[in-house]
Amino acid sequence: MTRFIVGRLIGALVILWLVSIFAFALFFVIPKELGNNPAVLFAGRSPDPATIAGVTRKLGLDRSYVSQYWSFLRGVFAGRHFNSGSDRSWCPAPCLGYSFRNDQPVWSEIVDALPVTASLSIGAAVIFLGAGVSSGVYAAVRRGGWFDRLSAAVSLGGLSLPVYFTGLLLLLLVSYKWHIINNVHYVDFTHNPALWAWNLWPAWLVLSFLYTANYSRLTRASMIETLGEDFVRTARAKGLPERAVIGKHALRPAVTPIVTIFGLDLGVLFGGAILTEHTFGFRGLGAISIDAINTQDLPVTMGVTLFAAFFVIVANVLVDVAYAIIDPRVRPT
Amino acid sequence: MKRRVFLIRAGALVAAAGLALAACGGSSGGGGSASASSSSGTPTIAHPSTKKGGTLQALNDSDCDYWDPGRTYYANCWDQQRWISRELVTFAPRPGTAELVPDLATSVPTSSDLKTWKYTLKKGIKFQDGTPITSKDIKYAVEREFASDVINGGPTYLVDYLDDPANPYPGPYKDPDPNKLGLKTVETPDDQTIIFHLNKAFGDWNYVMSVPIVAPVEKSKDTGANYTFNPVSSGPYQIEKYVPNKSISFVRNPNWDPSTDTVNKALPDKIVVTMGLDLDDVDNRLFANTGDFYVGQTGVQVAMQAKLLADPSVRADRTSDDITGFIRYLSVMTKVKPFDNIHCRMAVAYAIDKTAQQLARGGPVGGGAVATTMITPPVKYYSSFNLFPSAGDKGDVAKAKSELAACGQPNGFSTTLASRSNGKEVAQAEAIQAALARIGIKVTITKSAPSQYFSSVIGIPANVHKNGIGLAMAAWGPDWPSPYAMLDSIVDGRKILSAGNSNYAELNDPVVDKNIDAGVSATSDGAAQEAWTAVDKAIVGSAAYVPLLYDKAFNLFSDRLTNVYFTPAYGMADFAQFGVVK
Amino acid sequence: MTVPPGELAVEEALPVTVVTTEGRSLWRSGFRRLRRDKAAMASGIFLIILALVAIFAPVIVSLLGHPPNQPHYDLLDPNTGVAHGRFGGMSWHYLLGVEPVNGRDIFSRTVYGARVSLLVALLATATAVVIGTVLGMLAGYLGGLWDLVIARLMDLLLCVPSVLFAIALVAVIPNKAFGLSGSGLRIGVLVFAIGIFAWPYIGRIVRGQVLSLREKEFIEASRALGAGTPTILFRELLPNVAAPVLVYSTLLIPTNILNEAALSYLGVGVRPPTASWGDSLATASHGFFSIEPIFMLAPGLAIFLTVLAFNLLGDGLRDAFDPRGGR
């Protein structure tokens, strides 16, 4: 078991390392090779020559790629100075980059924006996992019934609708036509939990609608397969009530694959969250990265990308380990 | 001044529609300084109140270009600077006037030769840290303007009129004087007195003394290029927290003595500016009263305008519709091919559909009137002419095509149009793209964030050339009420800078420059009028700048905002008077 | 970005049907089953019509509409920017009305938008399929280091936030690169950005399929007959993976349509004035959707119906060629 965990952790570290190289290549190597000066991209949109020179010095852009990557990597663990002679900025660990445009480390911007994205994603995840799994189970059990067919249709709808279209439609109804919420904006949980939830529920609904569909179908398929297994037949043969058969025996093995898929889906959930944030005007990680791209503030984009990748990878490891603990069949020998 | 790209230009921009302008504000003497003349009706203050308290919630889509008073050149940023900086003189806190009144100085002086100007400072004025403000602090602020490699972005009047070309002053960072006060043309015989010795006569000098560039700067707290992140206040408020591009909040400055200040009401206890908002979000928040006013003051978006026009009670109580005196125009870059050929530029001037521009900005209510001159109607010496006439102002495609043939590009060509990334300017850019497509010019639009657009994208000629930007959207208003203050920075060939440039098209026409000088030094109204009309015709005729609209702003504010009125000084509401308690 | 539905449950449900001598009958029986699936057939017809509309867009627009980039200011109220008349100016001349502020024909722009969406989605899918199939086969058949590297690469690509990387990629590529510029370059970048994150979906399936086929007798027989690796890969294995690849490509297309629309919505799609569904939605989202919903409904429904049709067709194909999975 320990070997398994250690193995997964090492695998995760390797992937993280590869992601960092991938990001480094994307933000430092590619621009240079294609004729864009990375200093320009990092300083924020066509700045004057003095600023460009300063940024080049600070980031060490005139050094070799290996040397730059090493500084970057070291900065992540130990913090980093951005020094250009006349001024010096300190970026504490974990230093995922320094936004020269905003004069602050990317990490602090991420920390500021994280609660918004987290609120949106976690809330939606609770809804779609709950609704998805339960509707999938019900559809599997009442296979062929009206609920099964209805949920299949709704699932298909959810998968086919772009999340920002549904979001706009919902905004139109909730804000403009029915005046349920007058001005949707993010309220911090610590300020007012009730208002926090009240402003978020349309976004939760929209984001979860997209994924409920998927999880419902997956659960249904998985449940159907599990229900066809021998041990279920045995349980039925033993005379157990159907509810116990489903609830106690079939549910857990049917649902555990969903957990793995959820882990893998986190990256996609982040993409959905970005779009939803943009539709509702919430200033989360998605909004700051899009802003960063529009103002060519690449440190922020890179920092958020790394952070998101890190988060997804770690979550996947946790999910895999949890899955292995729950289901002995999965552990490698 | 840019307004939200407009630069503030104070001034005698009188709204022709119903806002009166008191007779010439401030200094006179010398030609070229003039306030608008006509008065019609009495301007009123909406929701007057003297009640203090509360937090003023300001909303903005973008941060200021700079918070360093020596570098900012946005109208709404000059208006906001009133919270944290005071100048020698400033504008009277009354609607419909651009009259100057004393602020840090005891009075608004006159000068017999228009070259020597002496100001006496009030007693008891202090920085936010309690240090008394002396004339040396003002001199230091003036000197900073000379270090144009570090401190750039603002207007260049101080260098223009105080520098000695034979012996140019290098700025305080390279100043050999141990006290860094080596600028000889500014005298500070004692802590309360400051005397300016101009290198040529200039009747409008008092207006220059109202611009944030003369706000005092504590030498020990000057951090050069980083001062913009933490300027020291001399005004009624001080910065509590500044998160660039996100928010800035102000609290009361404990060392501001109200007895020394006849201008700032300082009613709210706290001011919070939230930036980086989507413009539609700003409109929605204002409508829902979760924000008090839009800092950019360029009016609501077209969608909200449609909504407000259908709601007469909100429209009457919470909106203002003002002719701001700003000009919206298109820069046609004379150093980017093929616009180095005047006929290619004239092709653009003929092809533009100005009614489409008006529609893009909200029609007559929100967009303004079609413009054919660079001097706007509220500014003195405005005269109407149209060098590129077309039926219904929709553009003359036939003439445009013949101009294209004349410049050797009969089948059109490709170019890039720069624009800001949000708001109505995008719609304007797309309308230009459509209009020029009619004559075969293929336009690619490139958008930039507003806080960087002027300082980094089109304000650096080298970048303009490198990126092949042939066209750029622009807007401008007078720094103070005179055609000189309106036009000089943007069309004078001698004002082309390598960074912080405002003459985007790099127009360098000796006829323009010569007539600007003639206008400034004219001794009679007739001569001044002749000179300024000649300047305007030369600019428009060069087609380096194509006037699009005489700007109007249809603004929305919350139901609790008090003391709302349009001031010609900044071409928008006077923020320093706002309160939030009715 | 979105995930193709039911993708990850696939590994267990892959058909292990040996095809060599029964090749034709698999296809024939599969198509016979497909024909019985009414939803899939209806979708198929819809998509054929859509493809024709996209290809013949200029003809259709010249008959039924107006040039997509042409403004019609006279149709708009100058102060509100909205069209006179109800439903955004819908009439026989302007079938879906006109856009606010510039008065462009919504019908034409929706028709032309189909071109961009379909082109980018199909090219991206093709890219993903080619890369995924090749790498999947190599990983599955050659195993060892190949498998290790390629499988890790697939994991990596599935883990990173693809939307961000795609936006960033568009941002770092300058206006002229690789000999292309303007619209062509932008479409190329979009295809690459979408395809590069989509190929692992195909790659995993192919790899799984090849892994289970590798030990089959017919492969051994080929090897015994002296066939080299390339021959085995392309002659023996490829036809056998063709069916699942076809199914999952069809399911990948709608995902890619949504991805392209998402990128356009975020502002990194094709540049104005080129019509694109995502871009129209983005413009509509700036306030006008509350006054003039048609502006938002046209592109939104266009995306929805196209994606739905591909999903139904893909589901139908999967059910027809892979009876065990999903039902």
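Residues are numbered from 1 along each chain as its sequence is written, and chains are lettered from A and ligands numbered from 1 in the order in which they are written. In this predicted model local features need pLDDT of at least 70, side-chain atom pairs count only at pLDDT 80 or more, and totals for chains, interfaces and linings use all residues, while side-chain values use heavy atoms, with hydrogens and water left out.

## Confidence

The predictor gives the complex an ipTM of 0.82 and a pTM of 0.83. For single residues the predictor's confidence is the pLDDT, which runs from 0 to 100. Chain C has a mean pLDDT of 82, and 90% of its residues reach 70 or more. Residues 6–13 of chain C have a pLDDT below 50, and beyond near neighbours in sequence this stretch has 16 contacts in the model; a contact means heavy atoms within 4.5 Å. Residues 19–23 of chain C also stay under 50, with five contacts beyond four places in sequence. Where pLDDT is low, the predicted coordinates should not be read in detail.

## Chain C and chain A

Between these two chains, 53 residues of chain C are in contact with 55 residues of chain A. The buried area is about 4,800 Å², and carbon and sulfur atoms give 78% of it. Buried area here is the accessible area (1.4 Å probe) that two parts lose on being put together, summed over both. In chain C, the residues that lose the most area to chain A are C:Leu164, C:Val172 and C:Tyr265, together 14% of what that side buries.

The interface of chain C and chain A holds one salt bridge, defined as a side-chain nitrogen of Lys or Arg within 4 Å of a carboxyl oxygen of Asp or Glu. Its partners are A:Arg217 and C:Asp315, at 3.3 Å from N to O. Five residue pairs, both at pLDDT 80 or more, are in polar contact between chain C and chain A. A polar contact is a pair of N or O atoms within 3.5 Å; within protein, one must be able to donate a hydrogen and the other to accept it, and residues adjacent in sequence count only if both atoms are side-chain atoms.

Helices of chain C that each supply at least two residues of the side touching chain A include H6 (144–159), H7 (162–172) and H12 (294–321). Helices (H or I, at least four residues) and strands (E, at least two) are DSSP runs, numbered from the N terminus. H12(C) gives the largest share of that side, 12 residues. By class, the side of chain C that touches chain A has 41 nonpolar, seven polar and five charged residues. Ala, Val, Leu, Ile, Met, Phe, Trp, Tyr, Cys and Pro count as nonpolar, Asp, Glu, Lys and Arg as charged, and the others, Gly among them, as polar.

## Chain B and chain C

Here 22 residues from chain B meet 19 residues from chain C in the contact. About 1,600 Å² is buried between chain B and chain C, 64% of it from carbon and sulfur atoms. The interface has one salt bridge, which joins the side chains of C:Arg104 and B:Glu430 at 3.7 Å, N to O. There are four residue pairs in polar contact between chain B and chain C, both residues at pLDDT 80 or more. Among the elements of chain B that each supply at least two residues to this side are helix H12 (424–437) and strand S14 (442–448). The side of chain B that touches chain C has 13 nonpolar, five polar and four charged residues.

## Domains of chain A

Chain A is divided into domain 1 (2–91) and domain 2 (106–330), with bounds from an automatic or database domain assignment. Their C-alpha centres lie 33 Å apart, and the contact takes 17 residues from each of domain 1 and domain 2 of chain A. The two domains bury about 1,700 Å² between them, 80% of it on carbon and sulfur atoms. The count of salt bridges between these domains is zero.

| Pair | Buried area | Share on carbon and sulfur |
|---|---|---|
| Chain C and chain A | about 4,800 Å² | 78% |
| Chain B and chain C | about 1,600 Å² | 64% |
| Domain 1 and domain 2 of chain A | about 1,700 Å² | 80% |

## Backbone features

Most residues other than glycine have a negative phi, and most peptide bonds are trans. The peptide bond from B:Lys337 to B:Pro338 is cis, with omega near -5 degrees. A cis peptide bond also joins C:Pro272 and C:Pro273, with omega about 0 degrees. B:Tyr381 has a positive phi, near 70 degrees.
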